[in-house]
Amino acid sequence: MSLPDFRQRRGGKKAFQFNMIVVGASGLGKSTFVNTLCGQQVIPRRAVDDPSQCAIEKTIAINPITVEIEEDGMKMQLTVVDTPGFGDNIDNSSNFAEILGYIERQYDDLLAEESKIKRNPKFNDNRIHVLLYFIQPTGHSLREIDIELMKRLSARVNIIPCVAKADSLTPKELADFKKRIMEDIRYYGIQVYDFPFDEEDEDEETVEENMELRSLLPFAVVGSDEEINVNGRLIRARQYPWGVVEVENLKHCDFARLRYVLLSSHLQDLKELTHDVLYEAYRSEKLSKLEGLAEKLAALHVQDGSY
Ligand SMILES: Nc1nc2c(ncn2[C@@H]2O[C@H](COP(=O)(O)OP(=O)(O)OP(=O)(O)O)[C@@H](O)[C@H]2O)c(=O)[nH]1
């Protein structure tokens, strides 16, 4: 279901909300991507030009930003959580824990809200609907750190893998790199969002669209903060001495397809999977743990005769 269909069904009362997080090594263009996606400078540029700062260990600063954007003529509230600086430290375990902790905290908040006798009608559901995982355009294969992090996160969030700065690879290198990444993803059993569909229930068009999107994984992303004049038209692009890489040109990268997936075609599916599968699994894990604890406590009380 597309965004307008969905808005129509909801009566278009509340601004539609979508929450995403961008994760990946420092300098891969995450902030630039977010600015490109929102069509405005929502994340300011970080000053990293001082070489003396390079050796200083940076802690990850999780940074949620909410913007109102218009998609298909509809206003929507988009929250993007940027994770600047990830991968700068030799030991990334605290960074991993922080990202996972952030995602789980949003589940905990909703769980706490749901258990209240009187619920807050203004409660903000900040659960993350999709995580864009930025992969360094090495042209080789997935790094250990990517495998480990995606594996740990995939039980909690829909992951869409992306090749960052895709303009640094030739078309052949990019195609081979994409193939190797997907082989690694399958080999290591990493669950990514792969445009699931039920061939029996879906119409032919939906099946075809999902198969095509699946074949694009991981999405090749190019971002730019600049608009360049190309044949009299101002377009978001990156200017090089040999030519221009157009962000929205499907021959140059998959940005436009990814944008459509996130803000229109698959937004509802990502939200439903988050609620029905990922949150539900988290909720039952958490509640069974609490139940187990309560049973143990009760057994202890029986033993010492206090019951
Ligand atoms: N070639 C190329 N460069 C890019 C692209 N996107 C961003 N850059 C450049 O890469 C540098 C880092 O971009 P950022 O957006 O700050 O990267 P980041 O991942 O947010 O970095 P951290 O905040 O350190 O995590 C900037 O100089 C950008 O202009 C891209 O698609 N292709």
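Author: Let us begin with a definition: two strands pair if DSSP finds at least two bridges between them. The model here is a predicted one. In it, strand 1 (residues 16-24) pairs with strand 4 (residues 130-135) in the parallel sense, over five bridges. As one example, Met20 has Val130 of strand 4 as its bridge partner.

Reader: In what order do the six strands lie in their open sheet?

Author: The order is 2-3-1-4-5-6, and the pairing is mixed. At the edges are strand 2 (63-71) and strand 6 (219-220), each of which pairs on one side only.

Reader: Which strands does helix 5 lie across?

Author: Helix 5 (residues 171-187) lies across strand 4, strand 5 (159-163) and strand 6.

Reader: At what angle do helix 3 and helix 4 pack?

Author: Helix 3 (residues 93-114) and helix 4 (residues 144-153) pack at about 25°, their axes being 10 Å apart. The two helices are therefore roughly parallel to each other. On the side of helix 3, the contact is made by Phe96, Ile99 and Leu100, and on the side of helix 4 by Leu149, Arg152 and Leu153. By class, the residues of this contact comprise five nonpolar, no polar and one charged.

Reader: Is the crossing of helix 3 and helix 4 left-handed or right-handed?

Author: The crossing of these two helices is right-handed.

Reader: What is the order of the open sheet of three strands?

Author: That sheet has the order 7-8-9, with antiparallel pairing. Strand 7 (227-230) and strand 9 (243-246) each have a single partner strand, so one side of each is left without a neighbour in the sheet. From one strand to the next, the twist averages 70°.

Reader: How many bridges join strand 7 to strand 8?

Author: Four bridges join strand 7 to strand 8 (residues 233-240), and the two run antiparallel. Within this pairing, Ile228 has Ile235 of strand 8 as its bridge partner. Strand 8 also pairs with strand 9 in the antiparallel sense, over four bridges; there Ala237 stands opposite Glu246 of strand 9.

Reader: How many residues lie between strand 8 and strand 9 in their hairpin?

Author: Two residues lie between them.

Notes. Residues numbered from 1 in each chain as written. Predicted model: local features only at pLDDT ≥ 70, side-chain atom pairs only at ≥ 80, totals over all residues. Contact = placed C-beta atoms within 7 Å. Axes fitted to C-alpha atoms, helices over the stretch in contact; angles between N-to-C directions. Parallel < 35°, antiparallel > 145°, perpendicular 65-115°, else oblique. Left-handed = near helix turned anticlockwise from the far one by under 90°. Nonpolar A, V, L, I, M, F, W, Y, C, P; charged D, E, K, R; others polar.
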